[in-house]
Amino acid sequence: MTTATPATAVVAGHICLDIIPTFKTRLGRAQDFFVPGDLLKIGAPVVATGGAVSNTGLALHRLGVPTRLMGKVGDDLFGRAITDIVRGVAPELAAGMIVAPRETSSYTVVLNPPGVDRMFLHCPGTNDTFGAADVSAARLQGARLFHFGYPPLMRQMYLDDGAELIRLFRRVKRAGLTTSLDMSMPDPRSEAGRVNWAKVLRGVLPFVDLFLPSRDEIDLMLDKKMTLSALADLLRAWGAGTVGLKLGDQGFYVRTAQRELLAPCFAVDVAGTTGAGDCTIAGFLAGWLRGLPLEQTLTAATAVGACCCEAPDAGSGIQPWAATQKRIARGWRRRAVTLSLPGWRWDAKQQLWIGPNDGK
Ligand SMILES: Nc1ncnc2c1ncn2[C@@H]1O[C@H](COP(=O)(O)OP(=O)(O)OP(=O)(O)O)[C@@H](O)[C@H]1O
Ligand SMILES: [Mg+2]
């Protein structure tokens, strides 16, 4: 590890190697071709990094934010592949990567045959051992922002009601950085699905400046469905500074102490939504780091999320900041919001919905 390269943003947490075999022919039903004892010929693999660190971190880099990726890998072949891919984008990006001797790197085999639902084989590996001690003060030096993704896929972070996650965020906050947190969907059939997430959130949110999960994740974690306003008020009462909720194809909602806004999605031909949430966060963080007004920050978030959807992978659709802004300025059309928004009003100039609590 070297801290020689200053970074504005540190993106830490979940990273893995995605191995995606290509299937040349339409195969029919999964049970007809995954047959014990059979050999199935496949094409060349697509090999890429995945996870919050890779998706949000590389998108921030493409948007021009000096960024350091802080994922944990083992000293094995897949770990070297992960670090090589990151370093291949820009050497300084990999300066914060953590290598754990004798541990296994995290990888995912993505089985995505045409006409069949995607299947994932996921090895959590080093993501499960990532702890607060992995993020030393030296690794944070010079950074303004610390973004962390996917506690539900990182065992140390959710055990013991999130004690390690709380320790991590308390430490980073005390070091003077702005803290940002993203979640992932806890699999109800897994250990993460049995965690008391309300308790974890009550513990960690006092140290989180920007809480940026998807609404579906929080609905599942709290096991109830509330209005956007009520949900954001609850999360803010638990200690979160700003709450941003990703709403899938309905856009992105943000609540601060004074503001309540919703940006609809930009209209694009969707090639795939892999990484769309992570890239939306990257757009939001890039706008925030530039000190833009909330309206423009929110618009940048949905613009970067939409660019991500234009490519099948998690990041190649992302354009530099200036090109993204130009596209917005040219009058890029928004999708209609079909959510019911009682008490909200449409701001035609900003192309945003303004919430009933805005200005209160
Ligand atoms: N059809 C679409 N067109 C344009 N933008 C989209 C579309 N679908 C999603 N987005 C963008 O991507 C974001 C992803 O929202 P979602 O609620 O799916 O987050 P997520 O669950 O964290 O996603 P991910 O699966 O990438 O982690 C939205 O807030 C929006 O900005
Ligand atoms: Mg997500």
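**Strand pairing and packing**

Author: In this predicted model, Leu181 has Phe211 as its bridge partner in β10.

Reader: How many bridges join β9 to β10, and which residue is the bridge partner of Ser180?

Author: Strand β10 covers residues 210-211 and runs parallel to β9. The two strands are joined by 2 bridges. In β10, the partner of Ser180 is Leu210.

Reader: Is strand β9 largely enclosed or left open by the rest of the structure?

Author: Thr178, Ser180 and Asp182 point one way from the strand, while Thr179 and Leu181 point the other way, and all are buried. Buried here stands for under 20% relative accessible area. Since 5 of the 5 residues of β9 (178-182) are buried, the strand is largely enclosed.

Reader: What is the handedness of the β-α-β units that contain β9?

Author: One unit consists of β8, helix α5 (residues 155-174) and β9, and it is right-handed. Another consists of β9, helix α6 (residues 197-204) and β10. The handedness of that unit, too, is right-handed.

Reader: In the open sheet of 11 strands, which strands stand at the edges?

Author: The order is β5-β4-β1-β8-β9-β10-β11-β12-β13-β15-β14, with mixed pairing. An edge strand has a single partner strand, so one side of it is left without a neighbour in the sheet. The strands in that position are β5 (98-100) and β14 (345-347).

Reader: Which helix lies across β1, β8, β9, β10, β11 and β12, and at about what angle does it run to β8?

Author: The helix is α9, which covers residues 276-289. Among the strands it lies across are β11 (242-246) and β12 (252-255). Relative to β8, α9 runs at about 170 degrees.

Reader: Are α2 and α9 parallel or oblique to each other?

Author: Helix α2 (residues 52-62) packs against α9 with the axes 8 Å apart and an angle of about 40 degrees. The contact is made by Ala52, Asn55, Thr56, Ala59 and Leu60 of α2 and by Asp278, Cys279, Ile281, Ala282, Leu285 and Ala286 of α9. The crossing is right-handed. Angles under 35 degrees count as roughly parallel, and the two helices are therefore oblique.

Reader: How many residues of α2 are buried, and what covers them?

Author: The buried residues are Ala52, Val53, Ser54, Asn55, Thr56, Gly57, Leu58, Ala59 and Leu60. They make up 9 of the 11 residues of α2, so the helix is largely enclosed by the rest of the structure. The cover includes β1 (9-13), β3 (45-50), β4 (67-74), α3 (77-89), β8 and α9.

Reader: Which residue just after α2 takes a positive phi, and of about what value?

Author: The residue is Gly64, which follows just after the helix. Its phi is about 95 degrees.

Reader: How are α6 and α7 oriented to each other, and at roughly what angle do they cross?

Author: The axes of α6 and α7 (residues 215-222) come within 8 Å. Trp197, Ala198 and Leu201 of α6 make the contact with Ile218, Met221 and Leu222 of α7. The helices are therefore roughly perpendicular to each other, crossing at roughly 115 degrees.

Reader: Where does Arg102 lie, is it buried or exposed, and what is its phi?

Author: Arg102 lies in the loop between β5 and β6 (107-111). At 76% relative accessibility, Arg102 counts as exposed. Most residues other than glycine have a negative phi. The phi of Arg102 is positive, near 65 degrees.

Reader: In which helix is Asp161, and what is its phi?

Author: Asp161 has its place in helix α5. With 28% relative accessibility, Asp161 counts as partly exposed. Its phi is positive in a residue other than glycine, near 55 degrees.

Reader: What separates the C-alpha atoms of Val35 and Leu298?

Author: Val35 lies in the loop between α1 (30-33) and β3. At 31% relative accessibility, Val35 counts as partly exposed. Val35 and Leu298 are 263 residues apart along the chain, and their C-alpha atoms are separated by 48 Å.

Definitions and conventions:
Residues are numbered from 1 along each chain as its sequence is written. Chains are lettered from A and ligands numbered from 1 in the order in which they are written. This is a predicted model: local features need pLDDT of at least 70, side-chain atom pairs count only at pLDDT 80 or more; totals for chains, interfaces and linings use all residues. Side-chain values use heavy atoms; hydrogens and water are left out. Buried means under 20% relative accessible area, exposed over 50%, partly exposed in between (1.4 Å probe, protein chains only). Helices (H or I, at least four residues) and strands (E, at least two) are DSSP runs, numbered from the N terminus. A crossover is right-handed if, with the strands pointing away from the viewer, the path from the first strand over the helix to the second runs clockwise. Two strands pair if DSSP finds at least two bridges between them. Axes are lines fitted to C-alpha atoms, for helices over the stretch in contact, and angles run from 0 to 180 degrees between N-to-C directions. Angles under 35 degrees count as roughly parallel, over 145 as roughly antiparallel, 65 to 115 as roughly perpendicular and the rest as oblique. A crossing is left-handed if the near helix is turned anticlockwise from the far one by less than a right angle, and right-handed if clockwise. Contact means heavy atoms within 4.5 Å.
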